[in-house]
Amino acid sequence: MKKMVLLVAVVLSLMINLTALTYGGVDLGKWQVFGTEPEKPK
Amino acid sequence: MKPIPAYLYFRLFLLCYLISLGGFYLFIGGYVTAGSLGKSDLLDLSNKPAGSDFVVYWTASKVARTQSPAAVFSRETMAAAEREVIGAAIPPRIWNYPPTFLLMVLPLSLLPYFASLLTWLGSTFCGFIYVIRRLAPHRGAWLFLFFPGAVSNFLYGQNGFLSAIFLGGGLLLMDRHPFLGGSLLGLLSYKPQLAFLIPIALAAGRCWRALAGAVSAAAGLALASLFWLGLAPWVSFLKNLSLVAGLLERPHLWGKMPTIFAGLEQAGVSPGTALALQLAATVGVGCVVARVWYLAPPLPWRGSVLALGVILATPYAFAYDLAIIALPFAWLGWEAYRNGWIVDEVLLLLAWTLMAWWSLGIPRPLAWAANFPFTQAALAALLFLALYRLPQPAQLGRSP
């Protein structure tokens with residue numbers, strides 16, 4: 001029973017994340033502080 | 001058979017969700033970085049330098065060793081050196097840390113770029129997990145690999161693990177070896193914006209030997225940098241401070257800053273009001289930290305309140321600095337686990353979720369809330385949780 005619950009939780013969370021990341025996209029270019037050009041001030 | 005309560009299902013699901021979310025980002029980050037292997041340049045698959053911000057550490061180390069330490073503050077020198085290292089034209093990055101940190105990264109360019117990146121992230125991560133394991137002696141402590149602050153630090157190629165080692169290690173050592181523990185805390189002075197609450201906490205807690213250790217280590221580090229690197233980098237650093245302060249006014253950085261100031265700016269509050277509210281929060285959090293340290297509760301509470309205070313009180317911190325917040329998660333999580341406080345465990349996992357969404361990626365259906373300061377809200381909630389669970393005055397070292 002415990003193993004079954006764990007398996008369902010793992011599969012469900014993998015599916016949710018995979019769907020969210022595929023649908024939402026991942027922009028790994030944004031993970032930097034240095035070298036990013038400033039936008040025009042508000 | 002005894003039925004399993006619903007909250008246990010929820011807790012298990014959240015844990016699996018967060019591990020797979022962090023795991024996805026680590027995998028994709030590693031894949032994107034590895035995309036630069038075997039190429040003529042060191043640009044990764046997202047066209048930024050492999051290892052992101054780490055390129056500044058490595059280049060600064062090379063410039064300081066082969067040219068002059070003060071040259072790391074020169075835009076032209078650093079831009080030329082970075083072009084040479086990366087093998088492609090990239091936007092110039094200058095060094096904006098104190099010379100004390102330059103001293104710490106000085107050996108990095110003794111190794112080739114990739115080996116150095118792996119050594120830097122690998123060794124600081126091992127130290128970070130060791131500290132976490134000491135705070136929460138549970139076999140699941142390695143799960144902090146997927147903590148948002150840790151994943152961010154890998155993706156940014158930054159120094160968040162080092163800050164967490166200095167703060168967490170110093171606090172761990174402090175009760176048994178006050179001077180040594182204080183010395184480790186003093187090394188956090190390489191990031192003055194994260195260190196200024198430490199002397200306040202130590203003085204309020206009347207930890208004089210630890211305070212002496214912290215002051216000695218900070219002064220010793222500054223003197224060592226003066227001796228090894230000379231006066232010129234200090235002069236350049238001080239001249240450069242206005243540029244660093246100017247980073248606070250760049251809207252494209254606010255989304256990467258988990259500070260109250262950046263959260264307010266992103267929500268559309270005017271800069272003057274945001275700064276005034278940040279100052280009020282800084283004073284308020286400073287008073288809370290001083291009060292808690294004066295009452296001298298056990299380390300998990302003193303440490304959690306100080307670590308949360310460090311980020312809540314500063315206007316200048318980035319997503320990778322959240323590696324420090326793994327400390328209160330470990331302390332409060334361990335206390336919740338030991339005492340059977342299931343609600344606290346679920347609250348911690350929810351706070352972890354909000355931080356993951358803020359620093360890694362908001363799920364698509366929630367994209368409208370991308371500017372909401374989830375992390376700041378989570379940090380404030382954790383501070384309230386720590387204060388709520390603070391042992392009663394009768395159990396404390398001092399009467400209130």
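**Exercise 1. Which residues of α7(B) meet which residues of α8(B), and how do the two helices run relative to each other?**

*Solution.* The model is predicted.

Step 1. List the contacts. From α7(B) come Phe166(B), Leu167(B), Gly169(B), Gly170(B), Leu171(B), Leu173(B) and Met174(B); they meet Pro178(B), Leu180(B), Gly181(B), Gly182(B), Leu184(B) and Leu185(B) of α8(B).

Step 2. Sort these residues by class.

Step 3. Describe the geometry. Two packed helices are described by the angle between their axes and the distance between the axes. For α7(B), residues 160-174, and α8(B), the axes come within 7 Å and cross at roughly 170°.

Step 4. Classify the angle. Angles over 145 degrees count as roughly antiparallel. Therefore α7(B) is roughly antiparallel to α8(B).

**Exercise 2. Where on helix α10(B) do the buried residues fall, and what covers them?**

*Solution.* 

Step 1. Pick out the buried positions. Helix α10 of chain B spans residues 197-204, and Leu197(B), Ile198(B), Ala201(B) and Leu202(B) are buried in it.

Step 2. Look down the axis. The buried residues of α10(B) fall within an arc of 130°, so they line one face of the helix.

Step 3. Find the cover. It includes α8 (178-186), α9 (192-195), α11 (208-229), α15 (271-295) and α16 (299-313) of chain B.

**Exercise 3. How do α10(B) and α11(B) pack: at what angle, with what handedness and through which residues?**

*Solution.* 

Step 1. Take the axes. Those of α10(B) and α11(B) come within 8 Å and cross at roughly 155°.

Step 2. Apply the cut-off of 145 degrees. The two helices, α10(B) and α11(B), are therefore roughly antiparallel to each other.

Step 3. The crossing of α10(B) and α11(B) is left-handed.

Step 4. Name the residues. Ile198(B), Pro199(B), Leu202(B) and Ala203(B) of α10(B) meet Ala210(B), Leu211(B) and Ala214(B) of α11(B). This contact has seven nonpolar residues, no polar and no charged.

Step 5. Link back to Exercise 2. Ile198(B) and Leu202(B) are among the buried residues of α10(B), and both take part in the contact with α11(B).

**Exercise 4. Is Leu221(B) buried or exposed, and which residues does it contact beyond its sequence neighbours?**

*Solution.* 

Step 1. Leu221(B) is in helix α11 of chain B.

Step 2. Count. The threshold for buried is 20 or more other C-beta atoms within 10 Å. Leu221(B) has 21, so it is buried.

Step 3. Leave aside neighbours within four places in sequence. Leu221(B) is then in contact with Thr100(B), Leu187(B) and Ser189(B).

Step 4. Compare sequence with space. Leu221(B) and Met104(B) are 117 residues apart in sequence and 9.5 Å apart in space, C-alpha to C-alpha.

**Exercise 5. How many residues does each chain bring to the contact of the two chains, and which helix of chain B supplies the largest share?**

*Solution.* 

Step 1. Describe chain A. It has one helix and zero strands. Of its 42 residues, 14% are buried.

Step 2. Count both sides. Chain B gives 31 residues and chain A gives 26 residues.

Step 3. The largest share, 11 residues, comes from α1(B). By class, the chain B side has 18 nonpolar, seven polar and six charged residues.

Step 4. Zoom in on Leu28(A). It is found in the segment after α1 (2-24) of chain A. Leu28(A) has 19 other C-beta atoms within 10 Å, so it is partly exposed. Not counting residues up to four places away in sequence, Leu28(A) touches Ile28(B), Gly29(B), Val32(B), Ser46(B) and Leu155(B).

How values were computed. Residues numbered from 1 in each chain as written. Chains lettered and ligands numbered in written order. Predicted model: local features only at pLDDT ≥ 70, side-chain atom pairs only at ≥ 80, totals over all residues. Buried ≥ 20, exposed ≤ 12 C-beta atoms within 10 Å, placed from the backbone. Helix = DSSP H or I, 4+ residues; strand = E, 2+ residues; numbered from the N terminus. Arc of directions from axis to C-beta. Contact = placed C-beta atoms within 7 Å. Axes fitted to C-alpha atoms, helices over the stretch in contact; angles between N-to-C directions. Parallel < 35°, antiparallel > 145°, perpendicular 65-115°, else oblique. Nonpolar A, V, L, I, M, F, W, Y, C, P; charged D, E, K, R; others polar. Left-handed = near helix turned anticlockwise from the far one by under 90°.
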